[in-house]
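Biologist: Hi! Could you walk me through how the parts of this protein touch each other?

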2 protein chains.
Amino acid sequence: MLDHNVIQGRGFRNVVQDGRVTGFQFVLRQPNYRGTAGSLLDGVGVVVDGERIPDHVPLWTVQGRTYTLDELRASTDVRWQLDEPAVITVPKPGGLATGVHRLEVVVYLRRPYFPPAVSRTTFTAAATGVIVPPAPEGGLKFGVSTYSYTGDIYTLMTLEDVLADVADLGATGIEILGEGNIPGYPAPDAAWVDTWHGLLDRYGLTATNYGSWIDTTMWRDRDLTVDEGAAQLQLDLRLAAQLGFTSVRPKFGVTSWELDPHPIWEGVVERSLDLAADLDVVICPEIHAPTPIKHRATQGYVDFIERTGTKHFKLLIDTGIFNTEPVLELSEEIEVEDGEIPMHLRPLAVPMADLVEVLPHVHFIQAKFAEVDDDLNDLHVPWGQIIPTLQEAGWSGWLSSEYEGRRDPYRGRDQVRRQHALLRSLATSRG
Amino acid sequence: MLDHNVIQGRGFRNVVQDGRVTGFQFVLRQPNYRGTAGSLLDGVGVVVDGERIPDHVPLWTVQGRTYTLDELRASTDVRWQLDEPAVITVPKPGGLATGVHRLEVVVYLRRPYFPPAVSRTTFTAAATGVIVPPAPEGGLKFGVSTYSYTGDIYTLMTLEDVLADVADLGATGIEILGEGNIPGYPAPDAAWVDTWHGLLDRYGLTATNYGSWIDTTMWRDRDLTVDEGAAQLQLDLRLAAQLGFTSVRPKFGVTSWELDPHPIWEGVVERSLDLAADLDVVICPEIHAPTPIKHRATQGYVDFIERTGTKHFKLLIDTGIFNTEPVLELSEEIEVEDGEIPMHLRPLAVPMADLVEVLPHVHFIQAKFAEVDDDLNDLHVPWGQIIPTLQEAGWSGWLSSEYEGRRDPYRGRDQVRRQHALLRSLATSRG
């Protein structure tokens, strides 16, 4: 799907020619109610961060070919369709800096069926866009979770749109929610499995982590047995492997405010380890606020690793545990029975030393966040400490964006771009 | 695509069983970020126009089967997927009256991975919905133009979503814009043509009118010739016939504030009449404000019909000419060179007697409108005069909704439902 805003979320980038940055590009959808011949296009005025570019300057790329305005005006064989984007290229030596920019656009379009005095019509649009720098070579790997697009996926964006977005911002890993993103779960048809692998190829993405659930209180009158829990986990392990994922995060039901996992977890995992080894998929329980690293739950997982000596059970860290400020804008409503503020809203501020201690057991990091502002400051998560800690320890797994802030339409994808701009800038500066 | 609002625009209707209205239905998307087992659903509270229905009362239809809440809680083989709707049926003898209703919904969902005290989570949503009565048998036919969905089509809704919407509100005719809605226009591939006919079958829709353009000032340095104009019209006639349409409205460039058509119109049409007859497609010029019926342009078309004796050139009336109030909220921006208010915004208030006079020549009516309020009053168009006039004259063509008000997301589809509720109520009351 195209974005509702005429200025599209994808495609905002600097243009590199012969090794030099010569300008920037963005993408528009046709703002009129019909597609039109290219000869009716009559310029596009651009204001970027207050700097005005005259309407005859930008180049247009329509239906795969690039035109000057004069070429468009004289054209006979090109159209800007209603369902096709146009790429606007603005010459600007050095391009735009990493970060958030303000774009204002006026598209001029001649409409012969309007009275001549008003037939040169205008369509205005404004948006912010984020220039994301390339990821540094080696070391940390940068991915995104479909969770970041909650509310927008299947409404404003297809699953393919999400993958296109992730590739467009220069990420290389895609994390999904098994029960969320697999049509016909738990038994997708073979055609969809082929489609999925085709999408990974098309967008150059690596399947990273697969989120699963073990709903221990699936029924109100009894808890799941170890048998039932293991069947669920093994179903997801097989499905994850079939789709190319290399880890599965089972989210077990919990028994306390501190998210102690239901006691079946250990039996369920233990009897699934052989299958995980066969499939070469790592089972990763999630360390998620309000559970810190120094906690009986985390210690239980570490003890399990040491006792079994397995290579197929490791930790997944959700970076919400490092928050130094509370996230006051909830992305969801939670019913609180006695007026108590849920513990998971209190910032845990887990120290970096605790992270360093368990890092040898950490397979995957969900880069949970709620807001990165216009100056690329994260309002809650101390990335300036986390990234250097990971780099100094030589950790080289995936950082997978998990946006969990306000669910305004299209906000998640914009915030993910901001977060990647921030994380990659930090990673590059220490390079 | 699903709607961004948890309460969906489609599927709000009364339920008829054994000839009696027993309740009403609406459709929800899964409000959580993952699909869930049916047993985790824990009720849905509904408030309709202030009347509260307890959360255990509504029935759920998920994956094609209908459940009570207790059946859902005990279920083992049903899921509410993220990409699948659920139908909620509320028992209410007599159902809901024609018109606009306020719906508030609370979905209860158990999430075992939340601390037990807060694991019964809530998702709230609110929306207005429109109950549209059936169209009366015989007489006027009720359709919709894709133009009504401008801005939302290809962004929030696919073309198929639009057809599903049109069918859902009980309309039977679909009007399209050739240059807008045909992928690869002017040469769609054969597979798409098959898809189109499949969609018409699936949604029980008749292809009505096909909007085309003859851009007489296609290039800035010269006007189209009659040859070029005829080639364009004939291309669209062939494409329209291939897609099952029975009329084509060519929008010629104009030469005045009163929309006098470019003088090539007559030659272009005359040399296309044989093809129109072969294809049995009626060419319909549009009578559109600020051109009234008593005007040299309209008279020119009538003279042409009388002179040629053709059955394949008739009038298309845009109901904006009957407006009694100005439409002050523009749906698009128009550049006005000297501060003058464009003539097309001044209400023409064409009298019904003028309509009656040309009605024998009228093939199609575009039911243009900008706002129908919560009490089903159109703020600009006097439908209370138009509908009886058409019925008394025994006119039995298509009234095709053309929403042209504010382009807020999803507003067009809601307004079309309101307009159909209004028009069908008027048509039925006169029976």
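This is a predicted model: local features need pLDDT of at least 70, side-chain atom pairs count only at pLDDT 80 or more; totals for chains, interfaces and linings use all residues.

Biologist: Thanks! Which domains is chain A divided into?

Modeller: Domain 1 covers 13–131 and domain 2 covers 141–429; such bounds come from an automatic or database domain assignment. Their contact takes 7 residues from domain 1 of chain A and 9 residues from domain 2 of chain A, where contact means heavy atoms within 4.5 Å.

Biologist: What area is buried between domain 1 and domain 2 of chain A?

Modeller: About 580 Å², with carbon and sulfur atoms giving 52% of that. Buried area is the accessible area (1.4 Å probe) that two parts lose on being put together, summed over both. On the domain 1 side, A:R13, A:V100 and A:V130 supply 70% of the area buried against domain 2, more than any other three residues.

Biologist: And which side chain does A:R13 meet in a salt bridge?

Modeller: A:R13 pairs with A:D168, at 2.7 Å from N to O. A salt bridge here is a side-chain nitrogen of Lys or Arg within 4 Å of a carboxyl oxygen of Asp or Glu. The rule finds 1 salt bridge across this domain interface.

Biologist: Switching topic: how many residues of chain A are in contact with chain B?

Modeller: 78 residues of chain A, in contact with 78 residues of chain B. The two chains bury about 6,600 Å² between them, 57% of it on carbon and sulfur atoms.

Biologist: How many salt bridges does the rule find across the interface of chain A and chain B?

Modeller: It finds 8. B:R79 and A:E179 meet in a salt bridge, at 2.8 Å from N to O.

Biologist: Which element gives the largest share of the side of chain A that touches chain B?

Modeller: That is β11(A), with 4 residues. Strands (E, at least two residues) are DSSP runs, numbered from the N terminus.

Biologist: Last one: what classes of residue are on that side of chain A?

Modeller: There are 36 nonpolar, 22 polar and 20 charged residues on the side touching chain B. Ala, Val, Leu, Ile, Met, Phe, Trp, Tyr, Cys and Pro count as nonpolar, Asp, Glu, Lys and Arg as charged, and the others, Gly among them, as polar.

How values were computed
Residues are numbered from 1 along each chain as its sequence is written. Chains are lettered from A and ligands numbered from 1 in the order in which they are written. Side-chain values use heavy atoms; hydrogens and water are left out.
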